[in-house]
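Dear colleague,

I am passing on the structure we spoke about, and below it you will find notes on what turned up. Please read them with the structure open beside you.

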Amino acid sequence: MTTDHTDRLEAYILEHTTPESELRAHLSREAHVRLLRARMLSGHLQGNLLQMICRMTHAHQVLEIGTYTGYAAHCLAEALPEDGEVHTLESDDEMEDFIREFVAQAPYRDRIHLHLGDALELLPKLLEKYSFDLVYIDANKRQYIDYYELILPHLPSGAIILADNTLWDGKVVAEPLPTDAQTQAILAFNDWVQQDPRVENLILPMRDGLSLIRKL
Ligand SMILES: C[S@@+](CC[C@H](N)C(=O)[O-])C[C@H]1O[C@@H](n2cnc3c(N)ncnc32)[C@H](O)[C@@H]1O
C-alpha cells in the first residue's frame with residue numbers, strides 16, 4: 001500500500017468513527033502545538049477503542065501506566081460509570097500543569113486521579129488499595145514485564161490488560177532484529193505473555209500494536 005492510500009484509508013476510518021469530544025480534540029491540538037512528543041498520545045481512533053473496551057467490559061476501576069497529556073485518561077474516564085475511577089501514573093512531573101489544565105475542564109474530572117512518580121514505586125500501594133478491572137500499560141517499554149508481573153496477581157479473573165506499542169513500529173519482525181534495549185524489551189514482553197498460562201491474549205495490529213490480555 002502506498003503512503004497516499006494509507007493516509008486516505010486512515011482518514012476514511014476516522015470519518016466513519018464516532019467523533020472525539022471537543023475537549024479531547026482541543027487537548028490533542030494543544031499538545032501538538034505545545035509539546036515535542038505529541039504523537040505519543042493515543043489519539044482519536046485508539047481513544048475510541050479504549051472507550052469501547054471500557055464500556056463492553058463494564059469496567060469500574062481503571063489503571064493507566066503512563067499519563068503523558070492525559071488524553072487516554074480522558075477517554076477512559078468519559079466511558080466509566082458515575083462512580084468509576086481512573087488512576088493514572090506519570091513519572092514526568094513537568095507534565096503536571098498540562099494534565100491538570102485539561103482535567104479541570106472535564107465534566108468527569110472527579111473520576112481522574114493523577115499519581116506523579118515512578119510506576120514501579122507507586123504500584124504496590126495502589127494495587128493493595130484498589131481492585132482494578134482494566135489496565136492500560138503505556139509507559140517505559142523496558143519495564144513492561146515488571147508492570148505486568150506486579151499487576152497480574154492482583155487482578156480478578158476476567159480483568160483486561162491492554163499494552164500499547166507491542167509491534168514497535170514493525171521492529172519486532174525486522175531483519176536483522178534490532179538490538180536496542182526498547183525493541184528487545186518489547187520482544188521479551190510479547191514472548192512472556194504468549195507463554196503465560198494465566199492469560200489469553202492477542203495483538204491487535206492497530207497503530208503501533210495493541211495487546212489485549214485477559215486474565216483467566
Ligand atoms: C506513550 S506516553 C503515554 C500516553 C498516554 N497513555 C496516552 O495514551 O495518551 C508514555 C508516558 O509514560 C511515562 N513514563 C515512562 N516511564 C514511566 C514510569 N516508570 N512511571 C510512570 N510513567 C512513566 C512517560 O513520561 C510518558 O509521559
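**Helix 6 and helix 7**

Helix 6 and helix 7 are roughly parallel to each other, since the angle at which they pack is about 10 degrees, a value that falls under 35 degrees, and their axes lie 10 Å apart. Please keep in mind throughout that this is a predicted model. On the side of helix 6 the contact is made by Ala-119, Leu-120, Leu-123 and Leu-127, and on the side of helix 7 by Asp-146, Tyr-147, Leu-150 and Ile-151. Sorted by kind, the residues of this contact comprise 7 nonpolar, no polar and 1 charged.

Helix 7 itself, which covers residues 144-151, has Tyr-144, Tyr-147, Tyr-148 and Ile-151 buried. Viewed down the helix axis, these buried residues fall within an arc of 95 degrees, and they therefore line one face of helix 7. Among the elements that cover them are helix 6 (119-129) and helix 8 (181-194), together with strand 1 (61-65), strand 4 (134-137) and strand 5 (160-164).

**Around the ligand**

There are 21 residues around the ligand, and those that come nearest are Ser-42, Gly-66, Ala-72, Ala-119 and Asn-140. At least two residues of this shell are supplied by each of helix 4 (71-79), strand 2 (85-90) and helix 6. As to its make-up, the shell holds 10 nonpolar, 6 polar and 5 charged residues.

**The loop between strand 5 and helix 8**

As background, most residues other than glycine have a negative phi, and most peptide bonds are trans. Asn-165, placed in the loop between strand 5 and helix 8, has a positive phi near 70 degrees, and it counts as buried because it has 20 C-beta neighbours inside 10 Å. Trp-168, found in the loop between strand 5 and helix 8 as well, also has a positive phi, near 45 degrees, and is buried, with 21 other C-beta atoms within 10 Å. Pro-176 belongs to this loop too, and the peptide bond that joins Glu-175 to Pro-176 is cis, with omega about -5 degrees.

**Leu-23**

Finally, Leu-23 lies in helix 2, which spans residues 22-34, and counts as partly exposed because it has 16 C-beta neighbours inside 10 Å. Leaving aside residues up to four places away in sequence, Leu-23 touches His-74, Phe-102, Gln-105 and Ala-106. Although Leu-23 and Phe-102 are 79 residues apart along the chain, their C-alpha atoms are separated by 7.8 Å.

How values were computed
Residues are numbered from 1 along each chain as its sequence is written. This is a predicted model: local features need pLDDT of at least 70, side-chain atom pairs count only at pLDDT 80 or more; totals for chains, interfaces and linings use all residues. A residue is buried if 20 or more other C-beta atoms lie within 10 Å of its own, exposed if 12 or fewer, and partly exposed in between; C-beta atoms are placed from the backbone. Helices (H or I, at least four residues) and strands (E, at least two) are DSSP runs, numbered from the N terminus. The arc is that of the directions from the helix axis to the C-beta atoms. Two residues are in contact if their C-beta atoms, placed from the backbone, lie within 7 Å. A residue is near a molecule or strand if its C-beta atom, placed from the backbone, lies within 6 Å of it. Ala, Val, Leu, Ile, Met, Phe, Trp, Tyr, Cys and Pro count as nonpolar, Asp, Glu, Lys and Arg as charged, and the others, Gly among them, as polar. Axes are lines fitted to C-alpha atoms, for helices over the stretch in contact, and angles run from 0 to 180 degrees between N-to-C directions. Angles under 35 degrees count as roughly parallel, over 145 as roughly antiparallel, 65 to 115 as roughly perpendicular and the rest as oblique.
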